[in-house]
Amino acid sequence: MLKKMSIWRLKPPQILVLGFACIIFLGAGLLTLPFASATGHSVAFLDALFTATSATCVTGLVVVDTGSAYSMFGQIVIVSLIQVGGLGFMTMATLVAFALRMKITLKERLVLQEALNQGTMEGIIRLIRKVIIYSLTIEAVAAVIFTIRWTFDLGFPKALYFGIWHAISMFNNAGFDLFGTVDAPFVSFTNYTNDVVVNVVAMALIVLGGIGFIVMSDTLEFRKTKKLSLQSKVVLSMTGFLIVFGAIVIFIFEYTNIRTMGSLDLGGKILASFFQSVAPRTAGPNTVDIGGMRQATQFFIVILMFIGASPGSTGGGIKTTTFTILISAIVTMIRGKEDIVIFRHRLAKDRILKAITLTMLALFLVIFVSMLLSTTENAQLLKILFEVTSAFGTVGMTMGLTPDLTTFGKILISITMFAGRLGPITLAYALQPKQEKELFRYPEGKITIG
């Protein structure tokens, strides 16, 4: 007799995959409704599915301009998908459970643990409460500042709507924008290149959304505890290094490029360099033309996008902690040491193996998808690699290829965004058969390396 099938019989990674897929198809269905389109005619289902995937996976790649192609209803659907996708559908479900005073079951706690990439269930509900409070507070403050700034350009009603919408989009590292209705389609933040308020607030939102809620909580409680966890130290130090180093590299490469920063004054160059260094941390907006950058800069941004944000955040990529472990492993090997030590803490072997596994899976995915698209899309390899890495890292930066993708290309990029949001390891765990305990071990062997 067959056992009764229930969603709660699935493993936590499987529930996450299924949950995100359901939200994406629900969003796609809503976006195909005639009144979701700015023209009153239904958007093609594949385009709606691509947009829903990009929004739920907080990426920002679009095949049609969000501001000019969708009505206010469609835009609200998109920003709702961004909020749910950024915080995680289980976090939103927990918020509803809090409101209805429902109990959180053990299975639900296990799914929340997987969704937030935690090693233990201890304090998971307390963390969820902090996630919700921090997120809504930061978005509200940013929305007020954006509204005040844009009131001078757009008038109060539209500035309020834009302020709330973009605060949610930037904090969740989505990269969607509505400025196609104000200036021109796919313009992003290019008309605010020299605007200090817009740049600083947007960068602050991207960084806060990308460092992870655990690090955010750890930092806010530092005044009481007088200590930071190892993860917080690694995330904050690596995030700061990548932002500053990225800004310096972009500043040097683009200083004389007339198509990007060449015509800006020194202050504008510095501001644009930092913004373009922060945005690849899985956010996606841009204040200069990415397609006009030099190839060296574009390839450097590919590297930043591949690294991505930090664990337990709204961002994607292999994560700053993974990158730190890989660099530390290289340094340790060169120095002839046995243990990988970071901030006077020795890393366990399983952490190192997981970092290597995640990086290799991500690298194989990006390379494989790039190879497939190079046979179906009429574009240079760097342009394709840029778009694929942007999709995997849930960044949303583009060199202009996405709107011209073939049907096969749209499907493949959608799958890549989905894999990037959930993470290759989560997908692998969700698809693997039930594990059986090994009853024996093979003899140790040696292979020559190098």
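This report covers the salt bridges, a surface patch, and the inner spaces of one protein model.

The model is predicted, so local features need pLDDT of at least 70, side-chain atom pairs count only at pLDDT 80 or more, and totals for chains, interfaces and linings use all residues. Residues are numbered from 1 along each chain as its sequence is written, and side-chain values use heavy atoms, without hydrogens and water.

**Salt bridges**

A salt bridge is a side-chain nitrogen of Lys or Arg within 4 Å of a carboxyl oxygen of Asp or Glu. The model has four by this rule. Three of them are listed here, including two that share Arg-149.

| Pair | N to O distance |
|---|---|
| Asp-153 and Arg-149 | 3.0 Å |
| Asp-195 and Arg-149 | 2.6 Å |
| Arg-351 and Asp-350 | 3.2 Å |

Arg-149, Asp-153 and Asp-195 are linked in a network. Asp-153 and Arg-149 sit four residues apart in helix 7 (residues 124-154), about one turn of the helix. Helices here are DSSP runs of H or I with at least four residues, numbered from the N terminus. Asp-195 lies in the loop between helix 8 (156-171) and helix 9, so its pairing with Arg-149 in helix 7 ties together parts 46 residues apart in sequence.

Which of these residues are buried? Buried means under 20% relative accessible area, exposed means over 50%, and partly exposed is in between (1.4 Å probe, protein chains only). Arg-149 is buried at 18%. Asp-195 is buried too, at 13%. Asp-153 is partly exposed at 42%.

**A nonpolar patch**

Val-244, Ile-248, Ile-252, Phe-253, Tyr-255, Leu-266, Ile-270 and Phe-274 form a nonpolar surface patch. Together they have about 710 Å² of accessible area, from the Shrake-Rupley method with a 1.4 Å probe. Such a patch joins nonpolar side chains within 5 Å, from residues with over 30% relative accessible area and no salt bridge. Helix 12 gives the most, with four residues. Ile-248 is in helix 12 and is partly exposed at 47%.

**Inner spaces**

On a 1 Å grid, a cavity is a set of points where a 1.4 Å probe fits but cannot get out; a pocket is an open set with protein on both sides within 12 Å along at least five of seven lines; lining residues have an atom within 4 Å of a point. There is one cavity of 30 Å³ or more. The largest cavity holds about 70 Å³. Helix 9 (residues 196-210) gives the most to its lining, with three residues. The second largest pocket has a volume of about 420 Å³. Of its 24 lining residues, the closest to the centre are Phe-186, Val-187, Ser-188, Asn-286 and Thr-398.

How values were computed: Points joined across faces, edges and corners; volume = space filled by probe spheres on them. Helix = DSSP H or I, 4+ residues; strand = E, 2+ residues; numbered from the N terminus. Patch = residues over 30% accessible without salt bridge, like charges linked within 9 Å, V, L, I, M, F, W, Y side chains within 5 Å.
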